[in-house]
Protein chains: 2
Amino acid sequence: MLDERKLEVLRAIVEDFVRTSEPVGSKAIAERHNLGVSPATVRNDMAALEDEGYIAQPHTSAGRIPTDKGYRLFVDRLSSVKPLSPAERRAMHQFLEGAADLDDVVRRSVRLLATLTRQVAVVQYPSLSRSAVIHVELVQLAPNRLLLVLITDTGRVEQRVVELVTQLTGDEVADLRSLLNSRLAGRALTDAPAVVADLPDTARPEQRPVLTTVITVLLETLIDKKDERVALAGTANLTQSAIDFPTIRPVLEALEENVVLLKLLGEANDPSTVMVRIGEENAVEGLRSTSVVSIGYGPGTAVASMGVVGPTRMDYPSTITAVRAIARYVGEHLGGA
Amino acid sequence: MLDERKLEVLRAIVEDFVRTSEPVGSKAIAERHNLGVSPATVRNDMAALEDEGYIAQPHTSAGRIPTDKGYRLFVDRLSSVKPLSPAERRAMHQFLEGAADLDDVVRRSVRLLATLTRQVAVVQYPSLSRSAVIHVELVQLAPNRLLLVLITDTGRVEQRVVELVTQLTGDEVADLRSLLNSRLAGRALTDAPAVVADLPDTARPEQRPVLTTVITVLLETLIDKKDERVALAGTANLTQSAIDFPTIRPVLEALEENVVLLKLLGEANDPSTVMVRIGEENAVEGLRSTSVVSIGYGPGTAVASMGVVGPTRMDYPSTITAVRAIARYVGEHLGGA
DNA sequence: ACTGGCACTCCGCCCACACGAGTGCCAGAG
DNA sequence: CTCTGGCACTCGTGTGGGCGGAGTGCCAGT
């Protein structure tokens, strides 16, 4: 059905269209990409490609542009990896150099990703649910108010105020603290509920109400923070592709919905392979005319995801390379810190 | 120079132009705003207003539009406050209801502000520098690694890892903790440097190196975090005013520069008066064609600022009202928590 | 001081037209 | 069976002219 040359023609169409953002015609292909055949032949191939749904015509007597399906084929079978330029590599190292805390790393990463790909970048904060507890701290704000601080191995810190019905002494707080830490330190957050479930039962009766309250808040924090944070950068890059989006409004709206973004990224857990969602493949209304390139990252197995959102008319090879490189580098960086 | 009726004409021009985004002519004014005079008279007034630089013509034989100077006069002398509608008031309460922690409050506020004003909203996180220490916590991660956690009265928590050359016992950490707290608890962050400066001198010799290191990191945290965080929402609203911005690109770029935003908001400290910067009055390149309406907020005297960014062709009375109302409400909310 | 009238300007819109890029199809050559 | 050159056709884009209308500035009159 699709012989070698037809695929070459498709590649030529995708590459030229990405470069010029204008429909590409048979003559241009025959000239620029030395296929050794005449425009007429290319035309026949194009007709075949159009029948199969890989390319389309904006209108009669215009050149062809790739369809979502065409991009998909291109990404899956036709695109060769394009190595990062030395300049890009250098930029990457410099950019992440000297990032102080987790916030800083994420913010720099997202900027970097947006700059390198010239698109909108999204980086999820290392998720609570996939990390482990380092320490639980209790600070007594008042006799009946505690501040619960949860510290994870990815550098994230969550805090919550706990209101108690009873009053506590400093010693009691200390007891509580060491009790919680003995159970939780080193455990994955996902295990936390199981680990602390039986605590109230084993405690002395007078401790129980307090313990129950604290544990409730602790678990609430874990659940609540399921709605995790994301950083966003490069939205201005949307405007450069005025040709691609008739209106960028729905895209901006979708990008502001954290929930949507997380859903988008949530599917890309694997740090070894880049996931590409093209146009209509996106479940998210409003991003139907965009492509999303995403990947998992983190020390060891993935703890979060990052990616970029851009027009379907995107330089996939470069974008994929950049996303992969940055994810790997940030992952190492987090592991070392 | 500018008699009563001329001011009325200016008001009419501003109001109509804000509503329709089209240049307004003398006839429309004479009809819609019953001034009791003929279009010809209005024309004379308009000529005077134009001479004074309050309005301008896009081209001969078009209506007039307000200049920055015209908006300025309108805001300062002609705009009456417009109370919040009951629906808006209800929305405000519901929106902030049940916000758990500081992050949540800020995120909800910024969304609310963007929704109510239908513009881009910016909310600065309560700044460290203007708040006070509640507690300093030290968590021993390893014999020579401490986690320093700083808790402020606005609910913000900052953490930093401290690497030590020497190893510490748990007791030593506890000593250090109580020492720091005895000095810092309840003090304003801005006082912190002065308060802890002499600590190493008064300590026992063997404690000094550790103390110096910890204090250095502590002060670093304060300085570092000067570059404070902001939350942004409603960027999609920029697209609705396609008439107002030929390109929204520079605006989006400016909004992504946190530094720029902070500079913008930084000037609005006073929680009692709304600050309005119109068009060219903005120091920030890229926001020269926008207006910024901002105000300080927080429990008691202001601890941070919030505001909106929109086209100069903006409904100033409504916007000012909304910004003021939300700032006040969020301030109370923070105070009560 | 205000009004009505009038001539003038200029933008926006519509239409017609020509141009050119690109196609599909076909007949003929290898 | 595959490729090529030729040709007629389609359709979007750019250009230029003409028209209508909105709005103005000015002036003479009340």
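**Exercise 1.** Determine which helices each supply at least two residues of the surface near DNA strand D.

*Solution.* In this predicted model, local features need pLDDT of at least 70 and side-chain atom pairs count only at pLDDT 80 or more, while totals for chains, interfaces and linings use all residues. Residues are numbered from 1 along each chain as its sequence is written, and chains are lettered from A and ligands numbered from 1 in the order in which they are written. A residue is near a strand if its C-beta atom, placed from the backbone, lies within 6 Å of it; helices are DSSP runs (H or I, at least four residues), and strands are runs of E (at least two), numbered from the N terminus.

**Exercise 2.** Find which of the 20 residues around DNA strand D come nearest.

*Solution.* They are A:V37, A:T41, A:T60, A:S61 and B:G25.

**Exercise 3.** Describe how α1(A) and α4(A) pack.

*Solution.* Helix α1 (residues 4-20) and helix α4 (residues 68-78), both of chain A, pack at an angle of about 110°, with their axes 10 Å apart. The axes are lines fitted to C-alpha atoms over the stretch in contact, and angles run from 0 to 180 degrees between N-to-C directions. α1(A) is therefore roughly perpendicular to α4(A), a term for angles of 65 to 115 degrees. On the α1(A) side A:L7, A:L10, A:R11 and A:V14 meet A:G70, A:Y71, A:L73, A:F74 and A:L78 of α4(A), where contact requires C-beta atoms, placed from the backbone, within 7 Å.

Notes: Angles under 35 degrees count as roughly parallel, over 145 as roughly antiparallel, 65 to 115 as roughly perpendicular and the rest as oblique. Two residues are in contact if their C-beta atoms, placed from the backbone, lie within 7 Å.
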